[in-house]
Amino acid sequence: MTDRRQFIKAAAFATAASYGRILGANDRIRIGGIGTGGRCQYLLSLLNKGGGSQIVAICDVYEPHRQEAREKVAPEAREFTDYRKLLDLPDVDAVVIGAPDHWHVPMTIDALHAGKDVYVEKPVTHRIEEGEPLLKAVAESKRVVQTGMQQRSWPHFQQAREIVAGGGLGQVTFIRTYWYQNHLQGRGTGAPIDASKLDWKMFLGSAPDQPFDAERFRNWRWFWDFGGGSLTDLFLHWVDVAHWCMSSDTPIDAQAMGGKYVIPEWQWPDTVNAAFHYPGNFLVNFDCSLMGYLEGGGLIFHGTKALMRLHRGGFAVYPEQPRYTELPDLKDVAQEVQSTHDGGIEHVQNFLDCIRSRNTPNAPVAVGVAAARAGHLGNQALRSGQTVRA
């Protein structure tokens, strides 16, 4: 009976894989967008800029999102409310998934079974236990899965990684990561949510049944049923860079604290501090506050030879000084590189290239699962008030 079940599963994947085309260098890759809010629209716009692909279908549970996506990035695309109908289309080669976090794993696995290649936004998992089934499904499918950790395709991040991994900073023992945003600005100024144009039940998916709530729909990331706050959103970008640079991706333990100081209606804290201990003798710290923009986001690598400030605008390396100083400004720059554009365009291009070549993309699913694992551990520590061990 076990052999028969395995045969049936293998046959299902083989049938799904047969839906795909063998693409040549000049073939347009036909894309479906699922969850076409702001982030997905941006990714689809990058695909349009890069060329070599065509957006043929879009899906969202909220009609205004579909209309906006059609107007901005996909004027000829077919529209769907149920993503499974989009996956049934034989003329869709790949999908971009930008739905809320709790939908990422179900949609990705369904897309794999339908023979589609997948670009899925971070966090790839909504719960830590989703990681292993997702890894297994991707391995069995033989499909290309790129996760939304775009720093891995960003040229100056690649250059910075070579410096850290090559020992240019000496021994790195502490990595400070941070992200400050202002979520007070603009609150209450957006267009009201028209519940008559929303499939609320489909939005809920695996989440517990609950009445429509405009705040939870608009700001789903800050409610536990749908997202994991800044630890599975903002922090993941930076911890993934730390994993990449340090060749270590599984924390030993995590601690976290936070508070709802300025936006009490959210479930997730608007201010948080978290710390993670890694094998290899280094710590990663994350600071986040959502009430002011100043400092933005980035990483600071503290090494025995030098310090590196790394962010999306570039990086700078400062050699260790011969004597102690309390001056906050670092002036002696050994190396400085500036970025001229958003590396997301290289990341989606890498996805398209790998669809054609069938090579492993820059941010495969294991990378996304590892980054999400760190965020989930941080959330477990935050909610329990205790040190959580991996």
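Is Thr 177 buried or exposed? At 0% relative accessibility, Thr 177 counts as buried, since buried means under 20% relative accessible area. This briefing concerns a predicted model of a chain with 390 residues.

**The chain as a whole**

- The secondary structure of the chain consists of 12 helices and 15 strands.
- A compact globule of 390 residues would have a radius of gyration near 21 Å, and the value for the chain is 21 Å, which agrees.
- Taken along the principal axes, the box filled by the C-alpha atoms is roughly 65 × 50 × 45 Å.
- Of the 390 residues in the chain, 53% are buried.
- Among contacts with a separation of 6 or more, 70% are made by residues 24 or more positions apart.

**Helices α5 and α6**

- Helix α5 covers residues 104-113 and helix α6 covers residues 131-141; their axes are 10 Å apart, and the two pack at an angle of about 15 degrees.
- Because angles under 35 degrees count as roughly parallel, α5 and α6 are roughly parallel to each other.
- The crossing in which α5 passes α6 is left-handed.
- On the α5 side, the residues that meet α6 are Val 105, Thr 108, Ile 109 and Leu 112. Their partners in α6 are Pro 133, Leu 134, Ala 137, Val 138 and Ser 141.
- Sorted by class, this contact of α5 with α6 has 7 nonpolar residues, 2 polar residues and no charged residues.

**Helices α7 and α10**

- The axes of helix α7 (residues 155-165) and helix α10 (residues 234-246) come within 8 Å, crossing at roughly 45 degrees.
- That angle makes α7 oblique to α10.
- The crossing of α7 past α10 is right-handed.
- From α7, the residues Phe 157, Gln 158, Arg 161, Val 164 and Ala 165 take part in the contact. They meet Trp 238, Val 241, Trp 244, Cys 245 and Met 246 in α10.
- By class, the contact of α7 with α10 is made up of 8 nonpolar, 1 polar and 1 charged residues.

**Thr 177**

- Thr 177 has its place in strand β7, which spans residues 172-180.
- With neighbours within four places in sequence left aside, Thr 177 is in contact with Phe 235, Trp 238, Val 284, Asn 285, Phe 286, Asp 287, Gly 298 and Leu 299.
- One of these contacts, Trp 238, is also among the α10 residues that meet α7.

**His 104**

- His 104 lies in helix α5 and is buried, with a relative accessible area of 1%.
- Apart from neighbours within four places in sequence, His 104 is in contact with Ile 97, Ala 99, Val 120, Glu 121, Lys 122, Pro 123 and Val 124.
- Arg 152 is 48 residues from His 104 along the chain, and a distance of 20 Å separates the C-alpha atoms of the two.

**Ser 248**

- Ser 248 is found in the loop between α10 and β8 (253-259).
- Its relative accessibility is 11%, so Ser 248 counts as buried.
- Not counting residues up to four places away in sequence, Ser 248 touches His 243, Tyr 278, Pro 279 and Phe 282.

Terms used
Residues numbered from 1 in each chain as written. Predicted model: local features only at pLDDT ≥ 70, side-chain atom pairs only at ≥ 80, totals over all residues. Heavy atoms only, no water. Axes fitted to C-alpha atoms, helices over the stretch in contact; angles between N-to-C directions. Helix = DSSP H or I, 4+ residues; strand = E, 2+ residues; numbered from the N terminus. Parallel < 35°, antiparallel > 145°, perpendicular 65-115°, else oblique. Left-handed = near helix turned anticlockwise from the far one by under 90°. Contact = heavy atoms within 4.5 Å. Nonpolar A, V, L, I, M, F, W, Y, C, P; charged D, E, K, R; others polar. Rg over C-alpha atoms; globule rule 2.2 N^0.38 Å. Buried < 20%, exposed > 50% of the residue type's maximum accessible area, 1.4 Å probe, protein only.
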